Amino acid sequence: MDVMPKWADVVLIPLISILLAAILSALVILAIGENPWAALKLMVSGALGSTYGWGYTLYYATNFIFTGLAVAIAFHARLFNIGGEGQALIGGLGVAVICLFIPWPHWTLALLGSAIGAALFGAAWAAIPAFLQAKRGSHIVITTIMFNFIAAAVLNYFLIGALKAPGMEPATPRFPEATHLPSFQDMFNFGETTFFRGAPANVTFFVAIAACLFLWILIWKTRLGYELRSFGHSESAAKYAGISPTKIIMVTMLISGGLAGMMAINNVQGEAERLVLNAVEGAGFIGIAVALMGRSHPFGVLLAALLFGFLYQGGAELALWTSIPRELIIVIQALVILFTGALDNMVRMPLERLFLAMRRAKT
Amino acid sequence: MDFATLLQMLDATLRLATPLLLACLAGLFSERAGIFDIGLEGKMLAAAFLSAAIAAVTGNVWLGLLAGIGASMILSAVHGLASITFRGNQLISGVAINFLAAGLTVVIAQSWFAQGGRTPQLSGDARFNPIELPFAEALQNVPVIGPIYYELISGHTILVYVALLMVPLTWWILFQTRFGLRLRAVGENPAAVDTAGVSVIWLRFAAVGICGVLCGIAGAYLATALQAGFVKDMSAGRGYIALAALIFAKWRPWYALYACLLFGFLQAMSLRSDVVAGVVGFQVNGQFLDVLPYILTVVILAGFVGKAIPPRAGGAPYVKER
């Protein structure tokens, strides 16, 4: 029945969408009087030309893997979790509480503790919208948007109140030394040659990879994943098969919120080693672009997150060396969301016609 | 709190409610026609930027307003293309539009004016200035009514009055005209409208277009009336508050006015937390007042204060039967 072969659906359409987004971005760069080719070269050398650049690229990618997976699993159950931003903020609160108030003997235990804390806090923040969707039928998109704003206010409240460090800045005190996660610089230090010097990538990257694997198993190899996907395909069919919508919505959103919250291990414990205002910096929203581009597949999310990590670090380099502001990345992100998400049919329809014509020509 | 302070608060309420009201009515048209629009925020932001930029360059605020409406309409066209023509996901399209506006405004502002992503300060004819209603000066000393007329009703920019007039106009269009009936029908049951021989596509594009115009006015108001120029992210979540107001109002024009006035009042209170503290007797967290609209919306959505039922065909692209 499928008009197109699977490879076209999985590879060709995203590629064309990215290409369209890239062409439009190049036009924007051209319009503000810069050279797109030079900009691209600068981005590549800045993000991938050194282990320092890679260290930043992988650090950003780690954030986006978590938020991308969070959006992706919700997509499988046909839920749109826009609240990754808020869930990651509250996850940061969890990490801060765990790191500040429990005397950890070693970083491995601290990592385990903060992972649980971040996931629990993030999941709790997703639980209320999930419950309202499941039980009261209120639209999860609207409630998760509202919860992003409320999360920012909650964080602000704690950072100027109970968790504030002495001084002017609204931030928590530094976490104790024992909670320091080994950065790539610590791990790949071979005597005279130190790789990733000064870059924030840390051991959390491997946690993110593990999360990808965990999600792949969950979605395609478990009963829960099967129920979740069938609920996403057809709610009425799932109900008929004895699958409880309330359970699926709740469980999916708890996992989604937990994943978004776990991003905080990377940016709060791994990089900043304290909790600051607006610690997430929009990574929760980039998760939407990442999940759309990765076709909600954990491996696709990993690739898309790497691409966005590259864009983020490359964009920072652009802002440093040229007159192109950092906000260009937001434009690219918007175009990716637009083409891979909303205008998907614009690419798909002509391609389907093309494949149909090719098939007719063959027979 | 004395009478003068109260009037000041209400005056601020009206000024802060205006962009919310315009955006809320914009969303009303779009969502009543079955097109969800979480891109109100982005459209306002784009309109705010272009109106301020054109007003700064030409020195004429009316040209700025037109340019702002134009910018908002372009984004509306993108939304229409994605969600009507190509039957894409309306929510995702809205998200994309918000980011597109957030990014493009700063990128263009930086390369155009090189002032860190803002436009030059507007003054004189490049701004909407307050207009004095007739007899405001003369009546100022009449007790009670005089100050109310002078402080609260008179002395706003023209766009405030436009926004207020849009409420009965919206009600009239939606509930008293054939176009309005069809527009509402297309949001409830597009197949029926199609069967009656009326174009679903055209009606939905018309609704999205009206939404673009109103968001354009809202954005222009932000940059050329409420403030004097564009700054980065100046819509500051107002599009989302308007969306919240729309749900609060259960997709009805007059209730939209009340909801926006309520949310405007909350914003005015968070600006004057000293007054609030004086009235309730203890210090209220300004942050709390800021997020109160969102909390109220969640409570409404939870169905504790009556159920908010959106238009039935909302969010679903219409596919003609073949």
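Student: What is the mean pLDDT of chain A?

Tutor: The mean is 89, and 99% of the residues of chain A reach 70 or more. pLDDT is the predictor's confidence in each residue, from 0 to 100. This is a predicted model, where local features need pLDDT of at least 70, side-chain atom pairs count only at 80 or more, and totals for chains, interfaces and linings use all residues. Residues are numbered from 1 along each chain as its sequence is written, chains are lettered from A and ligands numbered from 1 in the order written, and side-chain values use heavy atoms, without hydrogens and water.

Student: How many residues of chain A are in contact with chain B?

Tutor: 41 residues of chain A are in contact with 41 residues of chain B, contact being heavy atoms within 4.5 Å.

Student: And what area is buried there?

Tutor: About 3500 Å², of which carbon and sulfur atoms give 82%. Buried area is the accessible area (1.4 Å probe) that two parts lose on being put together, summed over both. In chain A, Arg136(A), Met146(A) and Phe149(A) lose the most, together 16% of what that side buries.

Student: How many salt bridges cross that interface?

Tutor: One. A salt bridge is a side-chain nitrogen of Lys or Arg within 4 Å of a carboxyl oxygen of Asp or Glu. Lys232(B) and Glu327(A) meet in a salt bridge, at 2.8 Å from N to O.

Student: Different topic. What does Ile337(A) touch?

Tutor: Leaving aside neighbours within four places in sequence, its contacts include Ile288(A), Leu292(A), Ile92(B) and Phe99(B).
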